[in-house]
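Please keep the structure open as you read.

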Amino acid sequence: MQPTPDFDPGKLAKSLLRRSRQGALATLKVGSGDPYCSLVNLASHPDGSPILLISGLAVHTRNILADNRVSLMLDERAAGDPLEGARIMLSGRAEQAEADKDLLQRRYLNAHPSAEAFVSFKDFSFFRIRATGTHLVAGFGRIVDLEPGQFLTDLGGAEDLLAAEEGAVEHMNADHRDAMGLYATRLLGAAEGDWRCTGCDPEGLDMQDGQTALRLDFPERVTNGTALRKMLVRLAGEARTRVDQGASL
């Protein structure tokens, strides 16, 4: 059965990658090669790749260091029957952070602030999963295999934006929490909460309240700090317009 015309599998897979904070990590057990599955916390790289912070004492870490082929299951955590929600099984290789460790640490701590307590422990390391593909299941007739180019964000030409991201996130959280709340409630239909920014990239903004994460997609791609500021002002204006329209009904 072919997917319906309104189904955008790449967009849904991207959203799951950005919004997921936990997943089931499958590795190959040292020696036997048997499948080994464990629950892990995760965040996302600007291109959407999963970021892990794992201990060298953990079985899954020892497995990765011996054979870095992994798969990661992420789901929507939908209410009711979990099998009715969308999920992806991402396959790839888990690579230990080297040159980009600072970036991975910043984005991971934005998603998991409590990890600050042990992020500096010598036995903990950051890993990034370099995806080779993903299998998306989103309901009857909506089962699709995707290549990395279909669910990861192209960062080409966005060096200025990536350089500005840290400052932009800090600025939004320090001075524009009202706008974050409007994005969440008026543009994304979420409940009111203590929404804060956890990251941005050429295609959108990531927000979080506790362990609930949202993804605000941009209507157009942005590649520098000036374009990002204009986009966020534009979206805040759209959100306020919806507030005014609601008040007049």
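Leaving aside its neighbours within four places in sequence, which residues is threonine 61 in contact with?

1. Let's start with that question, keeping in mind that this is a predicted model. Beyond its neighbours within four places in sequence, threonine 61 is in contact with Ile54, Ser55, Gly56 and Phe127. You will find threonine 61 in helix α2, which covers residues 59-66. Its relative accessible area is 3%, so threonine 61 counts as buried.

2. Now to the aromatic rings, where the count comes to three pairs. One of them joins tyrosine 108 and phenylalanine 126. The ring centres lie 5.7 Å apart and the planes meet at 75 degrees, so this pair is edge-to-face; the cut-off for that label is over 60 degrees.

3. Please look next at phenylalanine 118 and phenylalanine 124, an aromatic pair of the tilted kind. Their centres are 4.9 Å apart, with 40 degrees between the planes. Phe118 and Phe124 form one aromatic cluster together with Phe121.

4. Are phenylalanine 118 and phenylalanine 124 buried or partly exposed? Phenylalanine 118 has 28% relative accessibility and therefore counts as partly exposed. Phenylalanine 124, at 22%, is partly exposed too, because buried means under 20%.

Conventions
Residues are numbered from 1 along each chain as its sequence is written. This is a predicted model: local features need pLDDT of at least 70, side-chain atom pairs count only at pLDDT 80 or more; totals for chains, interfaces and linings use all residues. Side-chain values use heavy atoms; hydrogens and water are left out. Rings of Phe, Tyr and Trp (its six-membered ring) pair if their centres lie within 6.5 Å; planes under 30 degrees apart count as stacked, over 60 as edge-to-face and the rest as tilted. Buried means under 20% relative accessible area, exposed over 50%, partly exposed in between (1.4 Å probe, protein chains only). Helices (H or I, at least four residues) and strands (E, at least two) are DSSP runs, numbered from the N terminus. Contact means heavy atoms within 4.5 Å.
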